[in-house]
Amino acid sequence: MSTPLQEYLEQTSPEKLNPAMTAYVANLQQTAAVAPDVAEAIVRELGTQRAHLKLVASENYCSLNVQSAMGNLLTDKYAEGYPEHRYYGGCENVDTVETIACEEAKALFGAEHAYVQPHSGADANLVAYWAILNNKIEIPECEKLGETNLSHLTDQQWADLRQKLGNQKLMGLDYYSGGHLTHGYRQNLSARMFDSYSYTVDKETGLLDYDAIEKQAMEVKPLILLAGYSAYPRAINFKRFREIADKCGAVLMVDMAHFAGLVAGKVFTGEYNPVEYADVVTTTTHKTLRGPRGALILCKKEFADSVNKGCPLALGGPLPHVMAAKAVAFKEARTQAYRDYAKRVQENAKVLAEECIKLGMKLQTKGTDNHLMLIDVTTYGLTGRQAENAMFECGVTLNRNTLPFDPQGPWWTSGIRVGTPAVTTLGMGKEEMKEIALIIDMVLKGTKPGVAKDGKPAKGKIVLDPEVKKNATEKVKNLLSKYVLYPELDLDFLEKHFCK
């Protein structure tokens, strides 16, 4: 009995053999030999992603080259420390891979130092916070005591140092104004390790008010002034943030996880490029940057030694196989093709926002400068949860999102967040954005709140017009048929051999 790989090779003529498909079948075959249910889930996910229009602003599609770089034996190595400074032997090849990734990241962003070990954006922020605390609090305090080894401090000296480390001020964008959980949200560790303060957007315009931020910063005098967002549709003036940080004596940290691809792709330049102005910059590598799931820290040389101590500060062992994939992604991002892609992401977002407004939708800040937009769905009589569910039933994947000063809270929300990175990766352009706007409007208009047992509207339940669902689903299907995800992969063949 032939294996799936043998069958693929036998039934495909040499001139039509696809290296990507060959490698994919070989990998799945090995997986299925041990865990066929896992192999099936992987194939099913390809089917699910091909069947849904991905408008999740924080998701993308990395290249098969990036995916391939993750599946290797580097995962078997422990490599705590950093290149040429490891706590385990036999790390010379990990040193090579990590060094390549760091150098590529520095070249891509024009940074003085890069640290590619963080596993996620939350991890990167945690390492950055503690690196700043180490640099600005711990080291100066130890110098006063004439000691460099923490183990040599007396119990009282250690207690005093811990007290100072645990009472520093962080000032970041409020969660409801578009900030991330790790920016000082009280349910997150960041607000528990810092004396946390939040600045908000203007209630009338929904925009950042730099003068108000400056006034607050001068009152708070934070150790860290944090800029960046998870759901804010406008570009940020980092030159202005630098001025505020210098005036109040703060370290300027920027979380550019969402818009790193627009920085790498030279869409955000000058005063809108955080790397030019911030002391420390963190980012994920899998959103607009279109790399593997993971994160990255960029910083000025002043903070390099402290950032490199991500382990033992906060991280465990790095993931060398993912660092290899990051190196590949950074190389891809240094091409003209990627810069063209980043420009199209922004252009598509602007067109989609304009079309949504033409259809009567209420957008936060009345538009976008980046890759995302926030749509107020209360004008349709819906909660964000209801809108998210309705869109998914029609083949569109996006997420509900709070709006500034949202009375619905973070679970139900009053809005949805829509992004263009993934559909742009598929090759979609301005005409497709117009079609997508029509689909969103059609589905939201065809959705009514469900009714609970007591007869009152249910915040999570919906009643979706069957005809609207049919029409919207057909439009999504037609759209996706023209822009196939990973066209190198034969889904029919994969389902035949790996799905029950």
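These notebook entries record what I looked up in a predicted model.

**Basis.** I number residues from 1 along each chain as its sequence is written. The model is predicted, so local features need pLDDT of at least 70 and side-chain atom pairs count only at pLDDT 80 or more, while totals for chains, interfaces and linings use all residues; side-chain values use heavy atoms, with hydrogens and water left out.

**Helix H6.** H6 has 25 residues and reaches 35 Å from its first C-alpha to its last, close to the 36 Å expected (1.5 Å times one less than the number of residues). I found a bend of about 40 degrees at Asn134, the bend being the angle between axes fitted to the seven residues ending there and the seven starting there. Just after H6, Gly146 has a positive phi of about 70 degrees.

**Aromatic pairs.** I searched the whole structure and noted 14 aromatic pairs. Rings of Phe, Tyr and Trp (its six-membered ring) pair if their centres lie within 6.5 Å; planes under 30 degrees apart are stacked, over 60 edge-to-face, and the rest tilted. Tyr61 and Tyr486 are edge-to-face, at 6.4 Å centre to centre and 75 degrees between the planes. Tyr61 lies in the loop between strand E1 and helix H4, and Tyr486 in the loop between helices H20 and H21, 425 residues apart. Both are buried, meaning under 20% relative accessible area with a 1.4 Å probe and protein chains only; exposed is over 50%, and partly exposed is in between.

I then turned to Tyr338 and Tyr341, whose ring centres are 5.6 Å apart with planes at 50 degrees, so this pair is tilted. Both lie in helix H15, three residues apart, about one turn of the helix. Tyr338 is buried at 3% relative accessibility, and Tyr341 is buried at 2%.

**Charge over ring.** The charged end of Arg290 sits over the ring of Tyr341, 3.9 Å from its centre; the criterion is NZ of Lys or CZ of Arg within 6 Å of the ring centre and within 35 degrees of the ring normal.

**Core.** I looked up the largest nonpolar core, of 60 residues, where Phe109, Leu208, Phe241, Met256 and Leu298 touch the most other members. Such a core is a set of buried Ala, Val, Leu, Ile, Met, Phe, Trp, Tyr and Cys residues joined through side-chain atoms within 4.5 Å. Its largest share, seven residues, comes from helix H5.

Conventions
Helix = DSSP H or I, 4+ residues; strand = E, 2+ residues; numbered from the N terminus.
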